[in-house]
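Here is a set of exercises to work through with the coordinates open beside you. Try each task before you read the solution under it.

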Amino acid sequence: MNKPMKTSAIPLSEKAYQTIRALILENEFRAGDQILEKVLVEKLNISRTPIREACVQLEKEGLIEIRPRRGIFIKPISAADMNEIYDIMTALEAQAAKILAEKVANKTITEKELKQLELPTLRMEKALQQDNLKEWAEADEEFHLCLLELCGNVRLKQVVLQFWGQAHRVRYFTLELRNKPTDSTADHIAVVEAIRAGDAKKAGEIHSLHRQKGKHNLLSIIEKYRFDHL
């Protein structure tokens with residue numbers, strides 16, 4: 001008797017979550033938009049129940065507000081919101097960098113794992129040489145996500161990811177308005193060097209300063225262009 005084949009199909013609720021989230025993060029669904037449930041059903045060709053499950057997760061991430069009988073509302077993000085979000089990300093990611101450096105000092109991380117953190121910095125350098133900001137931004141996010149993953153602190157990662165989507169949306173919206181991120185790329189390289197040296201204090205300080213500069217640049221753009229809500 002033949003055994004049934006295993007399927008690796010993505011659950012419909014996860015597919016709906018990924019699709020709606022991408023539409024929000026890439027600003028196809030913009031802040032302030034109100035989208036009826038039936039529109040989501042038609043656009044995604046997915047039934048109501050998986051879409052509702054996806055929306056519950058997106059609401060937890062702060063990207064939407066579920067409005068009964070009126071669908072979903074894409075939540076705007078203010079400068080004050082971004083200030084708070086960056087404070088959280090700065091503190092926790094700096095701690096992740098310290099943990100990772102301590103792992104190097106204690107020899108509890110492999111060279112292969114460290115390479116995972118190093119490769120995005122090479123992509124960032126190449127993207128800047130080609131003036132490809134979108135590619136640079138993707139590599140930048142890959143670096144930060146890898147840092148969270150490799151540090152091994154699951155709860156720390158979960159807290160940061162709770163705010164990740166909101167920060168991503170604003171960063172992509174302002175991507176073309178910022179100066180060429182040469183300094184940012186250099187910061188990433190310096191963090192990797194400090195981690196490789198097992199210097200937890202230095203790794204944490206560099207990454208903290210990097211995120212603080214990122215916050216300052218982003219808030220300056222929001223103020224300059226008078227973006228009240230994004």
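Predicted model: local features only at pLDDT ≥ 70, side-chain atom pairs only at ≥ 80, totals over all residues.

**Exercise 1. Describe the protein as a whole: what box do its C-alpha atoms fill, and what percentage of its residues count as buried?**

Solution. Taken along the principal axes, the box is roughly 65 × 55 × 35 Å. Next comes burial, where buried means under 20% relative accessible area, exposed over 50%, and partly exposed in between (1.4 Å probe, protein chains only). Of the 230 residues, 44% count as buried. Finally, look at contacts, meaning heavy atoms within 4.5 Å. Among contacts between residues at least 6 apart in sequence, 75% join residues at least 24 apart.

**Exercise 2. Characterise the packing of helix 1 and helix 3.**

Solution. Two packed helices are described by the angle between their axes and the distance between the axes. Axes are lines fitted to C-alpha atoms, for helices over the stretch in contact, and angles run from 0 to 180 degrees between N-to-C directions.

- Geometry: the axes of helix 1 (residues 12–25) and helix 3 (residues 48–60) come within 8 Å and cross at roughly 55 degrees.
- Class: helix 1 and helix 3 are therefore oblique to each other. For reference, angles under 35 degrees count as roughly parallel, over 145 as roughly antiparallel, 65 to 115 as roughly perpendicular and the rest as oblique.
- Hand: this crossing of helix 1 and helix 3 is right-handed. A crossing is left-handed if the near helix is turned anticlockwise from the far one by less than a right angle, and right-handed if clockwise.
- Residues: helix 1 contributes Leu 12, Ser 13, Ala 16, Tyr 17, Ile 20 and Arg 21, and helix 3 contributes Pro 50, Ile 51, Glu 53, Ala 54, Cys 55, Gln 57 and Leu 58.

**Exercise 3. Repeat the analysis for helix 6 and helix 9.**

Solution. The axes of helix 6 (residues 133–151) and helix 9 (residues 200–224) come within 14 Å and cross at roughly 140 degrees. Helix 6 and helix 9 are therefore oblique to each other, and their crossing is left-handed. Phe 143, His 144 and Leu 147 of helix 6 meet His 207, His 210 and Arg 211 of helix 9. By class, the contact of helix 6 with helix 9 holds two nonpolar, three polar and one charged residues.

**Exercise 4. Is Glu 93 buried or exposed, and which residues does Glu 93 touch?**

Solution. Start by placing Glu 93 in helix 4. Its relative accessible area is 0%, so Glu 93 is buried. Not counting residues up to four places away in sequence, Glu 93 touches His 144, Leu 147, Leu 148, Val 160, Trp 164, His 207 and Arg 211.

**Exercise 5. Which members of the largest nonpolar core touch the most other members?**

Solution. A nonpolar core is a set of buried Ala, Val, Leu, Ile, Met, Phe, Trp, Tyr and Cys residues joined through side-chain atoms within 4.5 Å. The largest has 36 residues, and Met 82, Leu 100, Leu 117, Leu 147, Val 170 and Ile 195 touch the most other members. Helix 4 gives the most to this core, with ten residues. A second, separate core of 19 residues includes Ile 51, Cys 55, Leu 58 and Ile 72.

**Exercise 6. Compare Asn 27 with Arg 69.**

Solution. Most residues other than glycine have a negative phi. Phi of Asn 27 is near 65 degrees, a positive value, and Arg 69 has a positive phi of about 65 degrees. Asn 27 lies in the loop between helix 1 and strand 1 (34–35), while Arg 69 lies in the loop between strand 2 (64–67) and strand 3 (71–74). Asn 27 counts as buried at 13% relative accessibility, whereas Arg 69 counts as exposed at 81%.

Technical notes: Residues numbered from 1 in each chain as written. Heavy atoms only, no water. Helix = DSSP H or I, 4+ residues; strand = E, 2+ residues; numbered from the N terminus. Nonpolar A, V, L, I, M, F, W, Y, C, P; charged D, E, K, R; others polar.
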